Amino acid sequence: MIVNFNVNGESRVANVAGSESLLQVLREELGLPGSKNACEQGECGSCSVVLDGAVVTSCLVMAADCEGSEIATVEGIGSERELHAVQQALVDHGAVQCGFCTPGFVVTAAHLFEENPHPGTDEIKEALSGNICRCTGYGAILRSLEALAEETT
Amino acid sequence: MEINRPTTLSEALEARAREPGASLLAGGTDLMVEVNFGHRRPDHVIALRRIDELAEVDGNRIGAGVTWARLEKSDHRALAQLARTVGSPQIRAAGTIGGNIGTSSPAGDGLPWLAAVDAEIEVASKDRGVRKLLWSDFFTGVKRNALAPDEVIVAAVIPESIPQNQEFAKIGQRSAMVISTVSACVVRDDDGTVRVALGSVAPTPVRARRAEALIAENPAPTESVLAEFARTVSEEVSPITDHRSTESYRRHASGVLARRLLERCLAK
Amino acid sequence: MTTSPTTRTRIRGGVGESPQRPDAIPKVTGNFAYASDLHADGMLWAATLRSPYARARITKLDTAPALTVGGVVAVITQQDVPGRRGFGMHVPDQPVLADGECNYWGEPIAVVAASDLETAKRGVAAIVIEYEVLEPLTDMEEADAADSQTRRMKVRRGDSEATGAVVVEGYYEVGQQDQAPLGNEAGLAIPDGEGGVDLYAVSQWVHSDHWQIYPCLDLEPEQVRCHPVGMGGAFGSREDVSMHIHLCMLALRTGRPVKMSFDRAESFVAHVHRHPARMWYRHEADTDGKLVKVQARLILDGGAYESSSNAVIGNAGYFAVGPYLCDNVFVDAVAVKTNNPPAGAMRGFGGVQTAFGHEAQMDRLADELGIDRLEMRRRNALGHGDPMSSSGQIIEGSLPTAQLIDELATMPLPEPLASDDPRHLPGGTGLTTERGQVRRGVGYGVTIKNLAFSEGFDDYSDARIAISSVGVEVYTAAAEVGQGMVTIIQQLVRDVLQMEQVAVVWSDTSVIGSAGSTSASRQTQMTGGATYQCAVELRQQILDEFAGDDLSTEGVWRDGDLIATLAEVCSGGMCEHEIRYRHPETFPTDENSQGNAHPAFAAAAHRAVVDVDPELGLVRVVQLDTVQDVGKILNPVAAVGQIEGGTLQGVGMAVLEELVVDKGVIKNPNFTDYLLPTFLDAPHVEVRFVEEPERWGPLGAKGIGEPPTISAGPAVAAAIRDATGRDLHRVPILPQHIAGV
């Protein structure tokens, strides 16, 4: 079935076979592999995207239910030449190791900062408690986002 | 696979009548796990998230399509408390109370509260119209309920008389994103009577009726009554041992949690 | 002669700095290609039929029906293996595909290649298979009694009659942890059209894969090329071959590229896990707290195949006492074979298990003697020049155990619990616990790990460096699994050559020799050592050629004058150099495990502070302060990242993570029930370093990957015991253990 939606500001058309997830369609159909598949249960946050204004795990979104939706993926958050402030903070503080969780953290944290530019430590932790990182112990991620939260704009 | 994406309840009921047994898709946080793991391959899906009337909160009537993220700000104190413990922020942004009711998992985070406040589950079908079932008539077993194949869950309706002196707590092994091993909700009325409900300790949410009766007789419980209250709660649940916890821990923790919540209610 | 410029460019990103990782920006933008992102035109997808039983005989296997499924291109079984029928890191005891019998739940039996993954799965479902189900051997003590083992090791050192004034005995159990890297296993095999194959699959050691793969394919070594790929973590789970041979067989069979990408459930069964353990300890000490004798019996369950059990049980035996002096040590250690999921390498392998035992024993001795628990460790601390308590090997390199303990003692404790925010309380936002219901505990873990490969293994790393006028290229096959090897190599080479543009070229098995495994905390020392040494030698060659006294981005200098530009230097053809780097020789030990088995050691120390709700058994790990023995810090940010990450894996093992295995079947192969620590479970970690250079490796740096994982868990366990007064002998410590119900 044909599903029309908007991804990162562009109208896209996906040919959806059945009940597959938005994650699968992004990765395998639309050439957007930045969202990562790590658990397919919504338990790790690696596939986080913004769907109609809310951060959700795209593995638990049925692609067929995305007709008319607005979707933002990590590919739309910033580019290599123009990083989003969250991306820059993660890079600057050594918060990237294997990086598999990183796109999910970028999407979730960017949304957090959009809603609240100066989150406190506990707010950062709770907002990112759906994103699992196995490498860093979260220390550098926390430091990077705390530093960003302290920046006054 | 076919999908209907109705924008009104009547369209949804129409679709459901045409395709009884079609999979109902709300936030997707339960259904899609089953799809991803190959446990379910729906032929027909009715997607509910475009139906505004399901997403309304009107005082004590909570639409089935209301997300946990919204319920974190609910005026119902225990509902807001439990909403914050559902899955992760991403799950709370997508998942709905109606989905929780429909899945009817023993560990459903919303269920002990629905039981404690004696909620009615409002369901509707094209042919038979609206039915309201008391929670205890709706939840019939592990992931089983009284929803007919042509029905859709519309709302949870809370009795107007429910007091706001209510407390919820949930035990999970980690600090976030965790399925409850025991959850509990206690509601205390001005006359001192209490309603005590527990989750993850039986096939359906359960009320600890004997423990409630004990407090009805002792509205200002002494230490020994409180201890007996905890013991009674532990006796009234029927948990199992599985890979998440043990029967004996769940029994023990049911009593401890219920007592702590009662004490919090009493302290107000 | 060239005379300008006259000043040398000061380079950035050398040793001691924390330069940006070259892969950081691709990773934050989602552009970094992981194995699961690989794609080739015309590629097929493959899916695997796996055993639903822990032990069974295959009585019927008919793959023909799978081939009738539209889109299915090929099916392979063990009958199709062209060469050697088995593989394995140490011995090739694991059949490529089940060979008439299944020895663990999830063992691969057949693999189907098809136009897409869904079709491949339908092909798998169409295979007709029947089993005779057999009773699995799943209890490690029963396996030991039945002599089903991969390695039995005994340590006999000193006087068995020696006695101490105080004796403590304890029994300890360690559950099965999984590496659970965020990226699942994935790979792509591409046939070269000439009978050979190129494999791009997750690996911590492409050469080890290569050595295992080509004999099974019955090909010449050069016909199989294993390429490094982007990986979402490893922690030991990518050391063994999983899908690799299957992919190559299918690519060669079909003549098309074939991809596999496991989901989480399949990943949990397809890679090896940490060995679960049962341990019995008896410690004797004199009244001053000095260890007099340690006796231990250790059983580790290696599951169905050997994998790296040989090395794991070796470590368990050698490090059964921990970083402590003791003259009389008697250990019986065995890795058993069962029908449980295969166990192999995981961060800290062997040492992690025994650390829970020896550290609990040290606390009990201290309590018995009335000595402060940290002081107890201080009095027994093993250091440079001392004999290892197990093997008697003299510690020739650095081992500042005592300094670590002294430094740890100076670190300030966190403030008492003063918050009522549920995020600061056990149970978190579950609102289970109020401040008055919390008890605080403090615990210590001091541990030791061998660095790099031991017991006479020919451990080396090959590296090649080429300088051109546009920059430096470093060729290595060392696996970058996320730890930051790539940055360390750049920093070391920049420092030596004084050139900023350094590119690490990840090279396949046909381009460069082995770098050895990214495991055993070895790459900073081994491949860091290789690239550093290679750069030093290359620099010297160039200086010799031009009779110069210094080298930089500009070229060769003599007495402050630039005498040859880099372009001139490179036109001569001597700007390439390759070396094989080895650590000091080690040897197999004798029948009593005596001898020089290890090239280097690192100690680690943690202090855990926990808040516990004893009635409900809920724990919040508040803070984990640590002092690490790092030799020399090359990159402070990367080092802290490794230590914080390793620490949290130790926390996970202490209180959350366990594969629940029932009769050989994993009950929780998913992230809903295999609980990794979340952001809200992560304690604050304060890291300090002790820099006492190692005798080998680049600038005295030591591997730091494993030690923090080893000491963190025992510290947390000790802190929970301290808070509750309960004798908790099993990890992970679960709520029901603490609540005592």
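**Burial in chain B**

I started with how much of chain B is tucked away: 59% of its 268 residues are buried. For me "buried" means that 20 or more other C-beta atoms lie within 10 Å of the residue's own; 12 or fewer makes it exposed, anything in between is partly exposed, and the C-beta atoms are placed from the backbone. I must remember that this is a predicted model, where local features need pLDDT of at least 70 and side-chain atom pairs count only at pLDDT 80 or more, while totals for chains, interfaces and linings use all residues. Residues are numbered from 1 along each chain as its sequence is written, and chains are lettered from A and ligands numbered from 1 in the order in which they are written.

**Overall shape of chain B**

I looked up the box next: the C-alpha atoms of chain B fill roughly 60 × 40 × 30 Å along the principal axes. Its radius of gyration is 19 Å, which agrees with the value near 18 Å that a compact globule of 268 residues would have. That radius is taken over C-alpha atoms, and the globule rule is 2.2 Å times the number of residues to the power 0.38.

I then listed the elements and got eleven helices and 14 strands in chain B. These are DSSP runs, numbered from the N terminus: helices are H or I with at least four residues, strands are E with at least two.

Which contacts does chain B have? Of those with a separation of 6 or more, 62% are between residues 24 or more positions apart. A contact here means that two C-beta atoms, placed from the backbone, lie within 7 Å.

**A sheet in chain B**

I traced an open sheet of five strands in chain B, with the order β4-β5-β10-β6-β7 and antiparallel pairing. Why do β4 and β7 of chain B stand at the edges? Each has a single partner strand, so one side of each is left without a neighbour in the sheet. Strands count as paired if DSSP finds at least two bridges between them.

I zoomed in on β6(B). It pairs with β7(B) in the antiparallel sense over six bridges, residues 120-125 against residues 129-134. A hairpin of three residues joins the two, β6(B) and β7(B). I noted one pair there: A124(B) has V130(B) as its bridge partner in β7(B). Six bridges also join β6(B) to β10(B), residues 151-157, again antiparallel. In that pairing S125(B) stands opposite E151(B).

K143(B) has one, about 55 degrees, and lies in the loop between β8 and β9 of chain B. M177(B) has one too, about 50 degrees, and is found in the loop between β11 and β12 of chain B. Is each of these buried or partly exposed? K143(B) is partly exposed, with 15 other C-beta atoms within 10 Å, whereas M177(B) is buried, with 29.

I also found a cis peptide bond between V731(C) and P732(C), with omega about -5 degrees. P732(C) sits in the loop between β31 and α17 of chain C.

**Helix α2 of chain A**

I looked at α2(A), residues 85-92, whose buried residues are V86(A), Q87(A), A89(A), L90(A) and V91(A). They pack against α3 and α5 of chain A together with α1 of chain C. After α2(A) comes G94(A), with a positive phi near 65 degrees.

**Where the chains touch**

**The largest nonpolar core**

I finished with the largest nonpolar core, 394 residues, where A258(B), A46(C), V112(C), C248(C) and V716(C) touch the most other members. Its largest share, ten residues, comes from α15(C). Such a core is a set of buried Ala, Val, Leu, Ile, Met, Phe, Trp, Tyr and Cys residues joined through C-beta atoms within 7 Å. Leaving aside neighbours within four places in sequence, A46(C) has contacts including V111(C), A120(C), H246(C) and M260(C).
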